[in-house]
Amino acid sequence: MACVAVTWARPESTYTDKWDNINVAEILESNRLLKGYVDCLLGKGRCTPDGKALKETLPDALEHECVKCTGKQKSGADKVIRHLVNKRPDLWKELAVKYDPDNIYQARYKDKIDAVKGSA
C-alpha cells in the first residue's frame, strides 16, 4: 500500500521545461515586458509563446499548489510574486481579480504572501 500512496502523491508529469531559462529578472525590471505578460494573462493583449503557455498552466498551478512545476518554475514564481506584491501591487490586484475572484488562493497562500511583503 505504501507504494501506491507514493505513486498517487507524485505528479504524473511536470509542465514543460521549455521556458525554464527565461530571464525572469529581466522581465520584472522592464515595465514594457512585464506589462506585456500581465496584459497577456489578463486577456488584454497578445501573448508570446511563453506567455501563452503560462496563461494555460497558471490556473492548474494555482489549484494544485504548483505540484507539476519544475524547480526553476517554482523559483521564478517566487520571484514574480515577491516583485508584484512589493513593487507592483496594482498588477497583483488585477491578476488576483482575474485568477482568484473568490479569494480562494489569496487565503490558501496567505502565509507565503505575507512572508514576502517587504522583502523585494
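Which helices each supply at least two residues of the lining of the largest pocket? I went through the lining and found α2 (24-29), α3 (31-42), α4 (49-63), α5 (71-87), α6 (89-99), α7 (104-108) and α8 (110-116). I note that the model is predicted.

Entry on the pocket. I looked up the volume of the largest pocket, and it comes to about 1,500 Å³. Its lining counts 45 residues, and those closest to the centre are L54, Q73, G76, A77 and V80. I then checked which element gives the largest share of this lining; that is α5, with 12 residues. Sorted by class, I have 29 nonpolar, 10 charged and six polar residues in the lining.

Entry on α4. I read 15 residues for α4 and 22 Å from its first C-alpha to its last, which is close to the 21 Å expected at 1.5 Å a residue. I looked for a bend and found a kink of about 40° at T57, shortly before the proline P59.

Entry on burial. I listed the buried residues of α4 as D50, G51, A53, L58, A61 and L62. What do these buried residues pack against? I find α3, α6 and α7 as their partners.

Last entry. I checked the backbone just after α4, where E65 takes a positive phi of about 55°.

Notes
Residues numbered from 1 in each chain as written. Predicted model: local features only at pLDDT ≥ 70, side-chain atom pairs only at ≥ 80, totals over all residues. Heavy atoms only, no water. 1 Å grid on protein atoms, 1.4 Å probe; cavity = no way out; pocket = protein on both sides within 12 Å on 5 of 7 lines; lining within 4 Å. Points joined across faces, edges and corners; volume = space filled by probe spheres on them. Helix = DSSP H or I, 4+ residues; strand = E, 2+ residues; numbered from the N terminus. Nonpolar A, V, L, I, M, F, W, Y, C, P; charged D, E, K, R; others polar. Expected span 1.5 Å × (residues − 1). Bend = angle between axes of the 7 residues up to and from the residue. Buried < 20%, exposed > 50% of the residue type's maximum accessible area, 1.4 Å probe, protein only. Contact = heavy atoms within 4.5 Å.
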